[in-house]
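Good morning, everyone. Please look at the model on the screen, and I will walk you through a few places in it.

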Amino acid sequence: MKDFEALFQEYKGLVFKTAMLIINNLEDAEDILQDVFTSAWKARNTFDSTKGKFIVWLYRITVNKSISMCRKKWSSTLPFEETMYTPTGSNPRYSPERALEIKLEYEKFSKTVDILDSKHRVVLVLRYIDDLSYNDIADILDIPMGTVKSRIHNALKLLHKQMNAAVMDVDS
Amino acid sequence: MDCQDKDIDKIIIDFIDGELEYSEQALVEQHLAGCRYHREEVEALTATRDDFIKTLKPIAASYSPKPDAWERLTQRIAIEEQPSTARQSIKEMFVKASRRISGGTPTYRRFDWKAGLVGVLAIALIVVLSVTIPMLVGSDSKVLAIDIALNNPEVQAAVSDRLVEETGVVGTINKESVFVYLSIEDGSILIAEVNTETQQVVELYPLELTEEVKQRAIDIAITDARIQNLLEQGVDISGFTPSYYYEIHETIGLGGEIIKEGSIEFIIQLKIELDENLYFIFVNLDRGELIEFQGPINKTQFSTFN
């Protein structure tokens with residue numbers, strides 16, 4: 001159990017963050033974290049490290065569970081108070097001023113991200129937030145590497161189009 | 001204006017991410033120098049990617065699970081590792097079993113495998129509609145599965161000339177197979193694992209209500225001191241009702257895929273009557289465990305409840 005706890009402590013942030021970026025719901029992300037590591041515990045004796053990296057396997061479960069739970073779109077009402085400056089001050093990564101700045105940027109940006117479905121959102125998160133290689137993303141999603149790149153391409157084009165539309169709305 | 005060089009589109013993401021070899025990178029740059037369309041696209045994609053990263057990376061870095069996440073996980077694992085029967089809805093089983101004991105006047109029909117098939121299928125449909133376990137299989141597949149089971153020679157041999165009181169589909173085992181149950185007039189149960197793709201009965205799980213089975217249920221029950229006390233008062237067990245417990249397990253395959261599989265375990269409900277009270281004991285024969293002890297329940301209240 002000690003080894004498993006070490007594993008949990010090492011990867012809990014990664015799993016939670018990835019789930020949160022895909023589903024944008026704190027409670028669901030907490031549930032996914034629990035589900036993923038319960039599955040990992042059950043499969044601890046069957047995981048074959050020769051067939052793939054543990055981290056890819058962990059990502060795959062996280063992404064599968066997140067997509068299946070992805071009922072909600074990202075919204076501009078990110079629960080910032082809980083994630084960035086909690087009343088207990090348990091997460092003092094940013095000053096209140098910087099947190100507010102990030103929040104405003106996010107609120108503006110999230111409206112455009114809303115247009116992405118989960119499969120396009122996932123590739124952008126894995127590539128540009130988690131900094132994974134195309135090859136690892138292909139393994140995680142079980143799709144060809146060419147499909148990974150075309151999804152990233154399409155996702156960025158969709159985002160750009162939406163951002164331009166938002167700018168035109170403001171101008172008019 | 002569009003560009004006819006579609007090969008650039010295939011590597012444009014590699015280009016903006018700096019993933020191309022030096023020679024390929026140079027070729028793209030050469031193309032961009034003379035192509036306004038792709039130059040603008042590269043600028044747009046790069047700016048969008050940078051905005052995405054700039055906006056979301058600080059947010060992502062702020063995410064962390066609740067401090068009690070590990071404690072919650074260990075509690076959940078402890079619960080998951082308990083015998084599955086300890087987590088089930090006893091009430092559901094209790095109501096089902098109780099209905100069998102005192103529930104109205106079931107229609108007994110001498111089962112004729114050929115002529116009786118239509119009648120049995122009609123009963124089976126009613127039963128299937130009333131089963132409370134969530135069904136993962138379509139109604140056509142249910143009828144088909146029951147049909148396969150009823151026409152299987154091994155099933156017919158196991159039932160012999162006894163009456164089949166109820167039939168139905170318990171639930172799915174995997175993508176291809178379902179559990180079909182047959183409730184027999186003497187209280188015995190026969191569960192058939194039916195593959196609806198190959199239309200074969202793969203396995204039979206009978207629970208015959210023999211004296212040996214009853215004794216095994218008693219042996220499990222008397223491991224509990226409360227039941228021992230009751231039996232020491234000279235009361236007899238007045239009813240043995242076989243039932244089953246169906247559960248869906250979620251496991252992770254070696255490839256990380258989620259696999260759902262159903263399993264079934266046999267349960268026996270024992271009934272004890274003492275003065276004006278009833279006691280119900282549920283034992284899991286497959287695990288050799290006492291699941292639940294209920295009582296005393298006032299007989300009058302019990303009959304009102306039913």
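Start with B:Leu285. This residue is buried, with a relative accessible area of 10%. Buried means under 20% relative accessible area, exposed means over 50%, and partly exposed is in between, using a 1.4 Å probe and protein chains only.

A word on the source: this is a predicted model, where local features need pLDDT of at least 70, side-chain atom pairs count only at pLDDT 80 or more, and totals for chains, interfaces and linings use all residues. Residues are numbered from 1 along each chain as its sequence is written, chains are lettered from A and ligands numbered from 1 in the order in which they are written, and side-chain values use heavy atoms, leaving out hydrogens and water.

Back to B:Leu285. Where is it found? B:Leu285 sits in the loop between strand 7 (277–284) and strand 8 (289–298) of chain B. Helices (H or I, at least four residues) and strands (E, at least two) are DSSP runs, numbered from the N terminus. Which residues does B:Leu285 touch, not counting those up to four places away in sequence? Among them are B:Leu207, B:Val213, B:Phe266 and B:Ile268. Contact here means heavy atoms within 4.5 Å. Now take B:Tyr244, 41 residues apart from B:Leu285 along the chain. Their C-alpha atoms are separated by 9.7 Å.

Next, the cores. A nonpolar core is a set of buried Ala, Val, Leu, Ile, Met, Phe, Trp, Tyr and Cys residues joined through side-chain atoms within 4.5 Å. The largest one has 67 residues. A:Phe37, A:Leu124, A:Ile152 and B:Ile13 touch the most other members. Helix 1 (residues 2–23) of chain A gives the most to this core, with 11 residues. Apart from it lies another core, of 31 residues, including B:Ile189 and B:Ile268.

Now chain A as a whole. It has 8 helices and 0 strands. Of its 172 residues, 51% are buried.

Last, two loops. A:Asp131 lies between helix 6 (118–129) and helix 7 (134–141) of chain A. Its phi is positive, about 55°, although it is not a glycine. Is A:Asp131 buried or exposed? It is exposed, with a relative accessible area of 52%.

B:Ser160 is in the loop between helix 8 (153–159) and strand 1 (164–172) of chain B. B:Ser160 is not a glycine either, and its phi is positive, near 60°. At 44% relative accessibility, B:Ser160 counts as partly exposed.
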